[in-house]
Amino acid sequence: MYDIKALYEAESVEHAIRLLIEHPEAQIIAGGSDVLVQMREGKRAGKELVSIYGLDEMRGVSYEADGAIRIGSLTSFSHITRDPIIQKHINVLGEAVDMVGGPQIRNIGTIGGNTCNGVTSADSASTLHAWDAVVEITGPDGARRIPIHDFYIKAGVVDLRPGEIQTAIIIPKEAYEGYYGHYIKYAMRNAMDIATTGCSVNVRLSADKKTIEDARIAYGVAGPVPMRAPSAEKAAEGKPVSEETVKAFAETVLEDINPRDSWRASKAFRQHIAVVLAKRALKESIRLAGGEVNE
Amino acid sequence: MSKQYKLVSCTINGKQVEKMVDVRASLTDMLRDDYRLTSVKKGCEVGECGACNVIIDGECFNSCIYLAVWAEGKEILTLEGLAGPNGEISDIQQAFIDEAAVQCGFCSPGFIMSAVEILEAKREFSDDEIRKLMSGHLCRCTGYENIFRAVKKTMLRRLGKEKEADEV
């Protein structure tokens with residue numbers, strides 16, 4: 001038994017919004033792999049819950065009219081990994097969420113929950129940042145869309161106002177077309193572990209595969225929230241595909257990131273692996289894009 | 001609070017059932033307390049050890065972090081559902097015995113249900129794939145090699161690869 005004060009099950013998005021307004025103290029529960037665990041730990045014990053788990057309208061991956069990829073917020077990690085649209089255009093997202101927890105967790109955990117908990121180590125978050133994802137939030141006044149960067153306010157806090165729920169994550173067409181990416185999770189175990197640091201990189205190369213037209217990089221656990229490394233991106237933009245470019249890109253990362261000492265790893269160690277991961281992830285992204293870095 | 005109950009109808013091990021369930025119950029609570037399906041173990045109760053793993057609509061879930069009310073309309077399979085018409089155990093259970101993959105037995109039902117999801121895919125997985133698919137479980141007795149062998153052998157046998165299975 002969980003120490004739940006009351007459970008309200010939403011039957012539609014509109015119903016969920018109504019329930020949240022009627023019960024302002026209530027916590028939203030999607031898959032529950034964070035909320036129920038925190039409840040068990042006592043952190044959220046005795047709370048009211050609004051369950052949105054039954055809302056199938058918020059599941060699945062589809063194209064929007066303008067070619068953007070729409071991922072319903074309740075889509076589970078395993079369904080994202082297996083989805084043909086994800087595999088075709090942004091396979092790295094499927095690979096990244098395939099590193100969350102273990103198989104059973106990936107069947108219950110949702111991409112919406114992974115971002116709404118505002119945690120820096122979320123395996124989906126760095127890739128979503130690196131692909132300019134847009135978050136769709138639906139509330140009493142309708143739906144609004146904001147860049148994922150602005151969705152994160154501070155550690156554990158996201159831009160969800162009273163009565164609002166996150167309904168979808170959107171990858172615009174211009175953000176995925178022509179890009180190839182790679183995610184590396186650095187953790188102590190291969191399963192059931194949280195990233196010490198996670199790094200997601202993607203590139204768009206010129207037609208002759210000799211120039212990096214655009215490079216994007218984002219980290220988890222390099223600061224209080226997932227973050228991009230804009231200086232590093234600038235250091236690679238328009239540069240030739242070469243060992244020097246990769247090196248400059250990776251080293252410039254240190255100007256942007258701000259990891260901390262924690263029981264998992266020291267700041268110095270995180271800075272060290274951030275550079276190594278940037279290098280490896282960029283090289284792999286270049287390879288996936290059809291380019292070659294000569295050593 | 002005043003007690004809150006909900007009628008939950010679902011299919012458990014092929015049988016259509018329904019009961020009034022406390023909304024605070026996890027699916028583990030419901031399966032153990034209301035349906036006496038005690039193969040579903042209470043281990044960590046925070047979704048880390050996999051002892052409570054069951055199959056819901058063809059996918060594995062840790063029933064400890066799954067609300068019982070979410071089972072409405074779902075098809076649930078627990079270890080008890082693997083038994084044959086006269087209570088015979090299944091090939092994967094026999095393989096766990098043959099490979100000495102069971103010691104205290106607490107993790108076994110969870111492991112076996114993950115193995116069932118692998119076997120139901122009816123294809124051959126690589127060693128690394130099997131390890132990854134079984135990685136949501138903890139065993140503190142036998143270690144994992146015997147469990148891995150039991151799963152791999154059963155997978156190969158079901159695919160008609162007797163000779164390869166014997167060589168595992």
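Me: How many helices and strands does chain B have?
Reply: Chain B has 6 helices and 5 strands. Both are DSSP runs numbered from the N terminus: helices are H or I with at least four residues, strands are E with at least two. This is a predicted model, where local features need pLDDT of at least 70, side-chain atom pairs count only at pLDDT 80 or more, and totals for chains, interfaces and linings use all residues. Residues are numbered from 1 along each chain as its sequence is written, while chains are lettered from A and ligands numbered from 1 in the order in which they are written.

Me: And in what order do the elements of chain B run?
Reply: From the N terminus on, β-β-α-β-β-β-α-α-α-α-α.

Me: OK, domains. Which ones does chain B have?
Reply: Domain 1 (5-80) and domain 2 (91-163); the bounds come from an automatic or database domain assignment.

Me: How many residues are in contact between them?
Reply: In chain B, 14 residues of domain 1 are in contact with 12 residues of domain 2. Contact is when two residues' C-beta atoms, placed from the backbone, lie within 7 Å.

Me: Which element gives the largest share on the domain 1 side?
Reply: Strand 3 of chain B, with 3 residues.

Me: New topic: how many residues of chain A are in contact with chain B?
Reply: 23 residues of chain A, in contact with 27 residues of chain B. On the chain A side, strand 1 (4-9), helix 2 (35-41) and helix 6 (103-108) each supply at least two residues.
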